Amino acid sequence: WYQRRVHGLHENGVKILGTQPDSIDNCEDRGRFSKMLDELGIDQPKWSTLKNNDEAIAFADSVGYPVLVRPSYVLSGAAMNVASNREDLVGYLTQATDLSSDHPVVISKFILGAKEIEMDAVAQDGRIINYAVSEHVENAGVHSGDATLVLPAQNLYVETMKQVKRMSSMIAQRLKITGPFNIQFLARGNMVKVIECNMRASRSFPFVSKTFDINFIELATRAMCGEVVKSRPVPLGDMDRVCVKAPMFSFTRLAGADPVLRCEMSSTGEVACYGMDKYEAFQKALISAGFKWPNVEEGRNNICLSLGPPESKFKFLEQARALVKMGFNLFATKGTYVFLVSKDVKCKQIFKPSEKDQKPQIMDFLSEGKIDILINIP
């Protein structure tokens, strides 16, 4: 909405403070932005601009599914979807072109198992004044408004941080950014790729301002009004706290709502909490968002585990042992049950809906309130 208003005002001779309309369009137009990244030599997932369904299907077949469908000029990830097969792709393309018919729809390769990183920054005349790099707890594919953010980032390689800062500086310089902006990245190992750039203050600006005790919006406003703004250094090594921002949802209030998180935003609020480390901050944030932890003393001590791939099972092994020692009852789906029993961890097997003839069924336990927390790793 605001991008279209900016262009209309500019075309009618109104002076625009801050980043100019053409640079905004260069970000919001997916095709222009992807071409700019190619020109700058900045890595991004393989992409193609949609011209018709046949070309889109051919592109998806060539790079392999899943692919990400990304319309231009939308907020909150509207009509942005990950297609896992040809049928999904055709349906999502229809949604995207209906919503953004005047602007290109870009299809890009979706990278599984990648971490998402966010750069929130303020720049003046293409020079970054202040920035904050946060990381998502969830893997890429969940909208940033639905994701759990950790600041300062706790699990990024030094080389990854260098690439994030270098790419952000190059984009800011090319677009001559003056004011706030947000860039989202994919990272797997030391491979870093740009997802998108938003030429506005993101919803995480208040979060990073509180955490770093620097008013990013004040800096952006002063820069946009033409004042000379100096950088305020953030001594990350001296910070004695970690902050976690967690989303809040209203699925239980909306009959028929689908609680599965996707690229389009679903959250209706958020909370942020400090902690001495990321674990304390994460637990506080979930409690503040209304999450109810199991409690042995109160008789809420049944935990269901479905731990996914072998590496996830091994990572959770010591935690499973600790939970048993604390007095929790563990229930586990078949693969997890076999693994835990083989490691001498006491647990009971519970069956998925696909195992219809077996008892007890996980869905029965959930509907009857017999499971106090479900830990499910895809």
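Student: Four strands form an open sheet with antiparallel pairing; in what order do they come?

Tutor: Happy to start there: this is a predicted model, in which local features need pLDDT of at least 70 and side-chain atom pairs count only at pLDDT 80 or more, while totals for chains, interfaces and linings use all residues. Residues are numbered from 1 along each chain as its sequence is written, and side-chain values use heavy atoms, with hydrogens and water left out. Helices (H or I, at least four residues) and strands (E, at least two) are DSSP runs numbered from the N terminus, and two strands pair if DSSP finds at least two bridges between them. With antiparallel pairing, the order of the four strands is β1-β4-β2-β3.

Student: Which are the edge strands of this sheet?

Tutor: An edge strand here pairs on one side only.

Student: What residue in β4 is the bridge partner of Val-67?

Tutor: Strand β2 (residues 67–70) and β4 run antiparallel and are joined by four bridges. In β4, Val-67 has as its bridge partner Lys-109.

Student: At about what angle does the direction of helix α4 lie to that of β4?

Tutor: Two helices are worth looking at here, and angles run from 0 to 180 degrees between N-to-C directions, with axes being lines fitted to C-alpha atoms, for helices over the stretch in contact. Helix α3 (residues 30–40) lies across β1, β2 and β4, and runs at about 140 degrees to β1. Helix α4 (residues 53–63) also packs on the sheet, touching β1, β2 and β4 (contact means heavy atoms within 4.5 Å). The direction of α4 makes with that of β4 an angle of about 10 degrees.

Student: Is Ser-108 buried or exposed?

Tutor: Ser-108 sits in strand β4 (residues 106–109). Leaving aside neighbours within four places in sequence, Ser-108 is in contact with Pro-45, Lys-46, Trp-47, Phe-59, Val-67, Leu-68 and Arg-70. Buried means under 20% relative accessible area, exposed over 50%, and partly exposed in between (1.4 Å probe, protein chains only). At a relative accessible area of 4%, Ser-108 is buried.

Student: Seven strands form another open sheet; in what order?

Tutor: Let's walk along it from β9. The pairing is antiparallel, and the order is β9-β8-β5-β6-β7-β10-β11.

Student: What is the bridge partner of Met-119 in β8?

Tutor: Strand β5 (residues 115–124) is joined to strand β8 (residues 179–188) by nine bridges, and the two run antiparallel. Met-119 is bridged in β8 to Ile-183.

Student: Why is helix α7 largely enclosed, and how many of its residues are buried?

Tutor: Helix α7 lies across β5, β6, β7 (149–151), β8, β10 and β11, running at about 30 degrees to β7. Its buried residues are Phe-205, Phe-207, Val-208, Ser-209, Thr-211 and Phe-212. Helix α7 (residues 205–212) is therefore largely enclosed by the rest of the structure, the number of buried residues being six of the eight.

Student: Which residue just after α7 takes a positive phi?

Tutor: Follow the chain past the end of the helix. A positive phi of about 55 degrees is taken there by Asp-213.

Student: What is the relative accessibility of Lys-245?

Tutor: Lys-245 lies in strand β10 (residues 242–248). Among the residues in contact with Lys-245, beyond four places in sequence, are Ser-144, Thr-148, Phe-207 and Glu-270. Lys-245 counts as buried, with a relative accessibility of 3%.

Student: How much space lies in the second largest pocket?

Tutor: On a 1 Å grid over the protein atoms alone, a pocket is an open set of points where a 1.4 Å probe fits, with protein on both sides within 12 Å along at least five of seven lines; lining residues have an atom within 4 Å of a point. Here 20 residues form the lining, with Tyr-131, Pro-152, Met-161, Phe-212 and Leu-236 nearest the centre, and strand β6 (residues 127–139) gives the most, five residues. Grid points are joined across faces, edges and corners, and a volume is the space filled by probe spheres set on the points. For this second largest pocket, the space is about 300 Å³.

Student: In β13, which residue is the bridge partner of Cys-304?

Tutor: Strand β12 (residues 302–306) is largely enclosed by the rest of the structure, because five of its five residues are buried. Asn-302, Cys-304 and Ser-306 point one way from β12, and Ile-303 and Leu-305 the other way. β12 pairs with strand β13 (residues 329–332) in the parallel sense over four bridges. In β13, the partner of Cys-304 is Phe-331.
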